[in-house]
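Reader: I'd like to learn how to read a few features off a structure. Could you walk me through them?

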Amino acid sequence: MDKRIVLACVVAVVCSILPCRGDGVSTTQLKKLGQVLLNINDRYVDKVDAESLVEAAIGGMLQELDPHSTYYSADEAAKLNAQIDGNFEGIGVQFMMLADTMVVTQTIAGCPAERVGVRPGDKIIVAGGKPISGVKMSTSDIMSILRGKAGSTIKITVQRAGVKRPIDFVIQRGKIPIYSVDAAYMITPTIGYVKLNSFSATTPAEFSQALNDLRNQGMKQLLIDLQGNGGGLLHSATTIIDEFLSYGQTMVYTKGNKYPTQTLKATDDGTCDYTNVVVLVDENSASASEIMAGALQDWDRGVIVGRRTFGKGLVQVPITLVDGALLRVTVARYYTPSGRNIQKPYNKGKDTYQKELDERFKHGELTSADSINFPDSLRYKTNVLGRTVYGGGGIMPDVFVALDTTRTNNYHRDLVAKGTMNRTVFEYATAQRKALLKRYATFEQFDSEFRAEELQHTLIDNGVQDSVAFDHEAFEAAKPLIVLQIKALLARDLYGNAYYYRIMNTKNDIVQRGIEVLEHYDEYLK
């Protein structure tokens with residue numbers, strides 16, 4: 001379509017919709033915007049892209065608003081919707097790039113790739129008639145080749161260790177689930193543990209299934225891990241909250257300037273009514289995670305353990321634009337049942353807002369509870385026991401757990417950031433998979449017998465190859481964490497994603513403190 005026609009359509013649509021709304025946007029202002037776009041297109045000294053002009057205009061407007069009013073192109077919107085819907089269409093593999101070669105790390109159970117016989121460790125060298133290994137191709141480009149409409153087919157060629165000739169597979173794409181429950185297991189004989197990474201459309205069903213499985217294993221108390229959970233669908237969060245509250249109890253309410261106040265209440269007595277609950281949070285728990293933690297805290301229904309959450313409490317309404325792009329506009333704020341505003345301040349600009357977590361660290365909030373001070377105006381009372389809780393942005397836990405900064409250092413962080421840690425463990429798992437599974441037939445056997453020391457020298461050598469100079473003192477300081485991560489990553493490669501957490505949680509301070517609280521729950525309430 002001609003660029004001038006594109007711009008004219010944009011201006012015409014905007015001018016026809018908004019002038020009569022009486023909301024402060026005048027016809028003159030809209031015509032002005034259209035004049036700028038059209039004149040730049042017609043008169044600018046260099047050739048311009050009409051689509052880019054419109055995109056830039058949208059971005060400029062959003063810069064004047066809050067940090068969470070956002071715009072996504074059509075391609076970005078499609079990927080975002082896949083995450084929210086809890087599925088996408090493709091072949092069902094997880095992969096990593098080793099040098100310029102795509103290597104399958106996991107096949108998703110029951111999905112097309114697994115059904116035809118693709119295995120972890122396979123190197124996909126051709127997909128859809130296009131070479132994808134040995135060439136410079138981005139991860140997003142590879143994903144766009146592998147994904148496609150359910151029912152369509154794609155031919156891939158793989159190289160497999162121990163097999164001389166490449167193997168061809170014809171795979172019929174299907175619906176691929178994106179799981180939001182990373183792990184669910186009995187962390188003690190009576191305490192069940194559930195790790196949620198997000199709140200998608202499938203989360204309530206996944207969570208319910210996890211609870212049923214844990215009850216069948218003897219669960220009496222529950223640990224819900226929301227560390228690092230950035231949120232997702234409000235409905236999914238409130239559906240889970242509903243399981244823990246009684247009929248008519250407020251779960252969350254919203255207020256906005258031009259958006260009517262809405263209050264969401266529990267619909268029925270929850271199935272988890274008599275289960276002691278601890279919710280684990282940290283500074284990266286946000287949005288729907290904070291709504292859940294705040295509701296259970298305000299009704300004295302669960303003990304919150306960890307560090308103050310991110311502080312994202314703004315309601316966005318998604319608006320699909322004419323080309324499939326998505327505009328998410330903030331229309332209201334979230335409030336917990338006691339009246340606390342979850343959203344942290346953003347009046348000092350977006351740059352300051354984005355650096356707020358760094359400032360928390362510099363001021364000592366992440367490492368010492370004594371550095372946290374709240375004015376009296378931010379004090380609230382819980383609805384049942386009348387305990388003091390705090391507003392001002394985010395959810396302040398009942399039990400603070402300091403960030404342990406002594407376990408890691410720059411050398412360890414470089415090994416992780418450059419992919420050396422993942423590569424070392426994955427290459428070892430791929431080469432030794434049969435021998436390892438024969439030696440460790442069960443996870444329990446692996447957990448008790450495997451020693452990660454045998455991979456340390458390989459890790460150090462691979463680090464040097466990846467431009468991470470060996471630092472003996474730094475290695476020894478971070479060695480306990482390095483050894484733990486090696487073991488956890490190998491457990492994930494051999495037995496599945498959940499086993500990574502079963503290893504890492506043994507040294508996760510927030511998780512261990514949560515267990516302590518549950519084991520002395522009655523004493524804590526007193």
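Reader: Where is K344 placed?
Author: K344 is in the loop between strand 18 (326-335) and helix 10 (350-354). Helices here are DSSP runs of H or I with at least four residues, strands are runs of E with at least two, and both are numbered from the N terminus. This is a predicted model: local features need pLDDT of at least 70, side-chain atom pairs count only at pLDDT 80 or more, and totals for chains, interfaces and linings use all residues. Residues are numbered from 1 along each chain as its sequence is written, and side-chain values use heavy atoms, with hydrogens and water left out.

Reader: Is K344 buried or exposed?
Author: The general idea is a cut-off on relative accessible area: buried means under 20%, exposed over 50%, and partly exposed in between (1.4 Å probe, protein chains only). K344 has 3% relative accessibility, so it counts as buried.

Reader: And what does K344 touch, leaving out residues up to four places away in sequence?
Author: Contact means heavy atoms within 4.5 Å. By that rule K344 touches F310, G311, Y353, E356, R360, G392 and G393. As for separation, K344 and S198 are 146 residues apart along the chain, with 21 Å between their C-alpha atoms.

Reader: What do other sequence and space separations look like?
Author: A201 sits in the loop between strand 11 (191-196) and helix 7 (203-216), and its relative accessible area of 46% makes it partly exposed. Then there's N41, in helix 2 (residues 27-43). N41 and L53 are 12 residues apart along the chain, and their C-alpha atoms are separated by 8.6 Å. N41 counts as buried, at 19% relative accessibility.

Reader: Let's do helix packing. How do you describe a pair?
Author: Two packed helices are described by the angle between their axes and the distance between the axes. Axes are lines fitted to C-alpha atoms, for helices over the stretch in contact, and angles run from 0 to 180 degrees between N-to-C directions. Helix 13 (residues 420-439) and helix 15 (residues 456-465) pack at about 130°, with their axes 9 Å apart.

Reader: Why are helix 13 and helix 15 called oblique?
Author: Under 35 degrees counts as roughly parallel, over 145 as roughly antiparallel, 65 to 115 as roughly perpendicular, and the rest as oblique. At about 130°, helix 13 and helix 15 are therefore oblique to each other.

Reader: Which residues of helix 13 and helix 15 meet?
Author: From helix 13 you have T420, M421, R423, T424 and E427, and they meet T458, L459, N462, G463 and Q465 of helix 15. The residues of this contact divide into 2 nonpolar, 6 polar and 2 charged. In that scheme Ala, Val, Leu, Ile, Met, Phe, Trp, Tyr, Cys and Pro are nonpolar, Asp, Glu, Lys and Arg are charged, and the others, Gly among them, are polar.

Reader: How do helix 15 and helix 16 pack?
Author: Helix 15 and helix 16 (residues 472-495) pack at about 110°, with axes 11 Å apart, and are therefore roughly perpendicular to each other. Q456, L459 and I460 of helix 15 make the contact with F475, K479, I482, V483 and I486 of helix 16. Those residues divide into 6 nonpolar, 1 polar and 1 charged.

Reader: What is H412 in contact with, leaving aside neighbours within four places in sequence?
Author: H412, found in helix 12 (residues 410-417), is in contact with M421, A478, L481, I482 and Q485. H412 is buried too, at 5% relative accessible area.
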